[in-house]
Amino acid sequence: MRSADDAAALLAARSSRGVLARGLARSYGDAAQSAGADVLDMTGADRVLAVDLARSEIEVEAGISLDRLMSLFVPLGLFVPVTPGTRYVTVGGAIAADIHGKNHHRAGTFSEHVRWLDLLVADGTVRRVGPRQDADLFWTTAGGMGLTGVILRARIAMTPIESARLVVDTDRTPDLDALLTLLAETDDEYDYSVAWVDCVATGRRMGRSVLTRGRFARRKELPARRQADPLRYSAAVRVSAPDVFPRGLLNRATVAAFNEVWYRKAPVRRRDELQTVPAFFHPLDGVGSWNRIYGPRGFVQYQFVVPFGQEEALRKALVRISSSGTASFLAVLKRFGQGNPGPLSFPTSGWTLALDIPVGGAALAGLLDGLDELVAGADGRIYLAKDSRAHPEVLARMYPELDRFRAVRHRVDPEGVFTSDLARRLSL
Amino acid sequence: MIDALGSIGSLLLVGGTSDIAVATARRYLAERSARIVLAARDTPRRAAVADELRALGGQVEVVDFDADGPASPTRMVADATAGGDIDVAVVAFGQLGDAERLRTDAAAVAGLARVNYVAPTVVGTELANRMRAQGHGVIVALSSVAGERPRASNYVYGSTKAGMDAFYSGLGDSLAGTGVSVLVVRPGFVRSKMTAGLPDVPLSTTPEAVAEAIVAGVRSGRHTIWVPGAMRWVMSGLRHTPRAIFRRLPF
C-alpha cells in the first residue's frame with residue numbers, strides 16, 4: 001500500500017481474521033505476522049512530508065526506514081533520535097515496538113521523540129495522538145505492537161549532529177562484576193553505550209565483556225582533511241551471506257572460538273577512536289542476510305530487563321545460559337534509563353541482556369521458560385519484538401499494566417480487528 | 001500457533017480416547033502446558049482421560065464426536081475451534097473389526113468403511129477448511145502400514161486405511177502454500193486397546209513410541225512417517241514382493 005486511502009480501503013474490505021500493519025518485518029518473532037489475516041505492507045508509504053530544520057523536526061510516512069532517514073538527514077546534520085542495531089526498520093515499526101538503542105540511558109525510547117502520530121483505527125477514522133493529545137492512545141500505540149491500528153504518519157524530533165563520526169572509548173572487562181561496576185560508575189558520561197558479553201565463558205571468566213561507548217564528534221575533533229565535509233555519510237552493504245550454511249555450524253565449539261578471538265582482539269582500554277555511524281551502530285547491517293549463518297533451523301532472540309538491585313537474577317540468568325550448552329554468541333548487555341508510560345513499552349530502568357540462540361536441542365524451550373520465570377520473579381520482563389515462544393501467563397506477570405493496555409485497545413478496537421500471531425499466542 | 005521452538009498452544013484429538021491420541025497429549029504436556037480438545041463419544045473413559053490430562057497441566061475441553069454419526073464431524077470441528085485456533089489436530093479414531101466376520105458380513109464391511117474411511121475424509125475436509133481460514137495448522141492422520149499392501153488376513157481394514165491414507169496424502173499436497181500441512185503416520189502393529197488379545201508380531205510398537213514419532217514429525221515438518229522407522233523399508237520391500245510369495249507370507 002502507498003497511501004492512507006489504500007490502508008483505509010483494505011481495512012474496510014478485511015476478512016474475519018483481521019488486519020495487521022507490517023514494516024520491514026525485522027521483529028525476531030511473530031509480531032509482524034498474522035496467519036489467515038490481511039497484512040499491510042507499509043514500506044510503500046515512505047515519503048518525507050515536512051522538514052523543520054530550525055526545530056530539528058521532520059514529518060514522515062510510517063513506512064520510511066531509518067536507513068533512508070539517515071541517508072537523507074545525516075548530511076543535513078540530523079540523526080535519528082534512537083536507532084536499534086539495524087537501520088532496516090520503519091518509523092511505524094520503531095513506534096509500535098517502542099525501540100531502544102545504545103542511548104536509552106540518556107534519550108529513552110524512539111516514541112519519546114515522537115511529537116504526534118496519525119493512527120488509522122478500526123472504525124476507519126484517523127486520529128492524531130501524541131503525548132498531549134489523547135495521551136492514553138498514544139502511549140498504548142507506542143510499544144503496542146500494531147494492535148491499536150495502523151500508524152500512518154509521525155512527527156519526529158531528530159538529534160542535531162556536527163559530524164557523521166563518533167568518538168568511541170573501548171574497555172575490556174574480565175568478568176560481569178567489573179562490567180556492572182564500570183557501567184554504574186561512568187555510563188552517564190556517554191551518549192551511547194553497549195557491552196558485548198561472552199555467554200559461553202564459564203567460571204571466573206563468566207560475563208567477560210567488551211564495552212564500547214561514545215558520542216558524536218564535534219566538527220573540530222575530526223582530522224583536518226575531513227573537516228571540510230564533516231557530515232559525509234555512506235552505508236553500503238559490502239558482502240552478503242550465501243544461502244549454504246549447514247545446520248549446526250554455530251555450535252558451542254565454534255562460538256567459543258569466535259568469542260575468544262573477539263575478546264582477545266579488543267583493546268583493554270582505548271580512548272577517542274573515531275568510528276563511522278554504520279561501524280558503531282549497525283555492524284551486522286554490513287553483511288547482507290547475516291541470519292543465514294544460523295542454517296535452515298534459524299535462531300531465537302531472547303532479551304530481558306531486570307531492575308537495578310536484581311543483579312543476582314542477571315547473574316543467575318548468565319550462569320544458566322553459559323552452563324546450558326547452548327551456543328549464544330554476541331550477547332549484548334546495556335544499562336537502561338527510566339521507562340515511559342507505555343503499558344507494553346519494554347525498557348524500564350535496569351539491566352538488559354539480549355541473546356541470539358541457535359534453534360537446536362530439545363532443552364532450549366525449557367531453558368527459556370525457566371529464564372522467563374526467573375525474570376518475572378525479579379520484576380523484570382522480556383521484549384515482545386524479540387519474543388517468539390513465551391506463554392501468556394508469565395507475560396501478564398511481566399507487564400502488570402497489561403489490563404490498562406487492553407482497556408485502551410478495547411476502546412478503539414472493540415472487535416479486535418487489529419491482531420497478530422503474537423497477540424493470539426500471548427492473549428494480548 | 002506452533003511457536004519458534006516447535007511448542008504447540010492447542011491440540012485437538014479426534015478419537016480422543018484412543019491410546020495413541022492420549023499418549024500424544026501426554027507427550028506434548030510433558031513439554032509444556034497446552035489447550036487440549038478431546039473429541040470423542042461421551043463415555044466414562046472420555047471423562048477419565050480428561051481428568052488425567054488436566055492433572056498433567058492441560059486446559060482440557062471435551063467435544064462430542066461419533067465417527068458413525070453423519071452430521072457429527074461438521075459440528076465437532078465447529079465446537080472444537082470455537083475456543084480458538086487449533087495448532088495440531090490428530091485424527092486417531094478407527095476400528096480394527098473382526099476379520100473373520102468382515103469376510104462375509106457386508107453390513108459389517110460397510111460399517112467399518114464408514115468409520116475408518118468415510119468419517120476420516122469428512123473430518124479431514126472440515127479440519128482443512130477451518131485451518132485454511134486460520135492460515136496455519138497441522139493435521140496428523142493415523143494411517144497404518146496395513147494400508148500399504150492389504151493382506152488376506154485383514155484386507156477390509158487394510159483397504160479402509162489405504163483409502164484414508166490416500167485421502168490425507170492428497171489433502172496434504174492440495175494444502176501446499178496455505179500454511180496448513182498434513183502428517184500421515186503409518187504405524188506397524190501397535191500394542192494397544194485396539195489390538196488387545198492379538199498375538200504379537202515382529203517390529204510391533206507402542207502408543208508411546210507412535211506419540212514420540214508424531215511429536216518429532218510435526219516439529220520437523222515431515223509429511224509421512226513410519227513407526228518404527230524401519231517399517232518404511234520393510235513395507236517398501238513387501239510392496240514389491242511378487243504376489244505369489246506375498247500371499248504365502250506367514251502373517
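Two residues are taken to be in contact if their C-beta atoms, placed from the backbone, lie within 7 Å. The structure is a predicted model, in which local features need pLDDT of at least 70 and side-chain atom pairs count only at pLDDT 80 or more, whereas totals for chains, interfaces and linings use all residues. Residues are numbered from 1 along each chain as its sequence is written, and chains are lettered from A and ligands numbered from 1 in the order in which they are written.

Leaving aside neighbours within four places in sequence, A:I151 is in contact with A:A21, A:A62, A:G92, A:I95, A:A96, A:L117, A:L119 and A:T141. A:I151 is also among the residues with the most contacts inside the largest nonpolar core, together with A:I95, A:A154 and A:L353. This core comprises 126 residues; a nonpolar core is a set of buried Ala, Val, Leu, Ile, Met, Phe, Trp, Tyr and Cys residues joined through C-beta atoms within 7 Å, and a residue is buried if 20 or more other C-beta atoms lie within 10 Å of its own. The greatest contribution to this core, 6 residues, comes from strand β16 (residues 299-306) of chain A; strands (E, at least two residues) and helices (H or I, at least four) are DSSP runs numbered from the N terminus. Domain 1 (4-161 + 398-421) and domain 2 (165-392) of chain A each provide at least three residues of the core. A second, separate core of 69 residues includes B:A89, B:Y168, B:L171 and B:V210.

The bounds of the two domains of chain A come from an automatic or database domain assignment. Their centres, taken over C-alpha atoms, are separated by 25 Å. Contacts link 41 residues of domain 1 of chain A to 38 residues of domain 2 of chain A. On the side of domain 1 that touches domain 2, at least two residues are supplied by each of α2 (66-73), α4 (104-107), α5 (135-141) and α12 (402-412) of chain A.

Chain B contains an open sheet of 7 strands in the order β3-β2-β1-β4-β5-β6-β7, with parallel pairing; strands pair if DSSP finds at least two bridges between them. Strands β3 (59-64) and β7 (224-227) of chain B stand at the edges with a single partner strand each, so one side of each is left without a neighbour in the sheet. The twist averages 20 degrees from one strand to the next, with axes fitted as lines to C-alpha atoms, for helices over the stretch in contact, and angles running from 0 to 180 degrees between N-to-C directions. Strands β4 (residues 88-91) and β5 (residues 137-142) of chain B pair in the parallel sense over 4 bridges, and B:V90 has B:V140 in β5(B) as its bridge partner. Helix α6 (residues 155-174) of chain B packs on the sheet, touching β5 and β6 (180-187) of chain B, and its direction makes about 150 degrees with that of β6(B).

Key. A residue is buried if 20 or more other C-beta atoms lie within 10 Å of its own, exposed if 12 or fewer, and partly exposed in between; C-beta atoms are placed from the backbone.
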